[in-house]
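Student: Hi! I'd like to get to know this structure a bit. Can we go through it together?
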Amino acid sequence: MTHQDHRDHRDHRDHRDPYRLGTPPAAPGDGADAVSRGDVLRTLLWAVVVLSAVANMALSFTGAATALHLASGVVTVLAAGTLVVRGLWGRR
């Protein structure tokens, strides 16, 4: 292929570079940057785990009733367990 042939061949392609390493830019409104419902739920579950663990620690320092410790511990375990189950189901 000569230089002239190469230039003509380049002019007839459809303007996409097959050797480009990045992803093509998303068109506005196609939902490529949308956050999924699973992402929101995972973020909320992590927030619950952290907040309930901090609450449990604060209750320990203040000497609060045992029922409050148990309640915050149960919330922590349930949220963490839900995260684990969702993570395991996501691998299948």
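Tutor: Happy to! One term before we start: a residue counts as buried when its relative accessible area is under 20%, and as exposed when that area is over 50%. Also keep in mind that this is a predicted model.

Student: Okay, what share of the 92 residues is buried then?
Tutor: Buried residues make up 10% of the protein chain.

Student: And what does the secondary structure look like?
Tutor: The chain has three helices and zero strands. Read from the N terminus, the order is α-α-α.

Student: Let's pick helix 3. How many residues does it have?
Tutor: Helix 3 covers residues 66-91, which gives 26 residues. From the first C-alpha to the last it reaches 38 Å, close to the 38 Å expected at 1.5 Å a residue.

Student: Which residues are buried in helix 3?
Tutor: Those are Ser72, Gly73, Thr76, Ala79 and Leu83.

Student: What do the buried ones pack against?
Tutor: They pack against helix 2, residues 37-62.

Student: New topic: the surface. Which residues form a nonpolar patch there?
Tutor: The patch is formed by Trp46, Val50, Val54, Met57 and Phe61, and together they have about 570 Å² of accessible area.

Student: Where does Met57 lie, by the way?
Tutor: In helix 2.

Student: Last one: how much accessible surface does the protein chain have?
Tutor: About 8,100 Å², and 64% of that belongs to carbon and sulfur atoms.

Technical notes
Residues are numbered from 1 along each chain as its sequence is written. This is a predicted model: local features need pLDDT of at least 70, side-chain atom pairs count only at pLDDT 80 or more; totals for chains, interfaces and linings use all residues. Side-chain values use heavy atoms; hydrogens and water are left out. Helices (H or I, at least four residues) and strands (E, at least two) are DSSP runs, numbered from the N terminus. The expected span of a helix is 1.5 Å times one less than its number of residues. Buried means under 20% relative accessible area, exposed over 50%, partly exposed in between (1.4 Å probe, protein chains only). Contact means heavy atoms within 4.5 Å. Accessible areas come from the Shrake-Rupley method with a 1.4 Å probe; for residues, only the protein chains shown count as cover. Patches are made of residues with over 30% relative accessible area and no salt bridge: like charges are joined within 9 Å, nonpolar side chains (Val, Leu, Ile, Met, Phe, Trp, Tyr) within 5 Å. A salt bridge is a side-chain nitrogen of Lys or Arg within 4 Å of a carboxyl oxygen of Asp or Glu.
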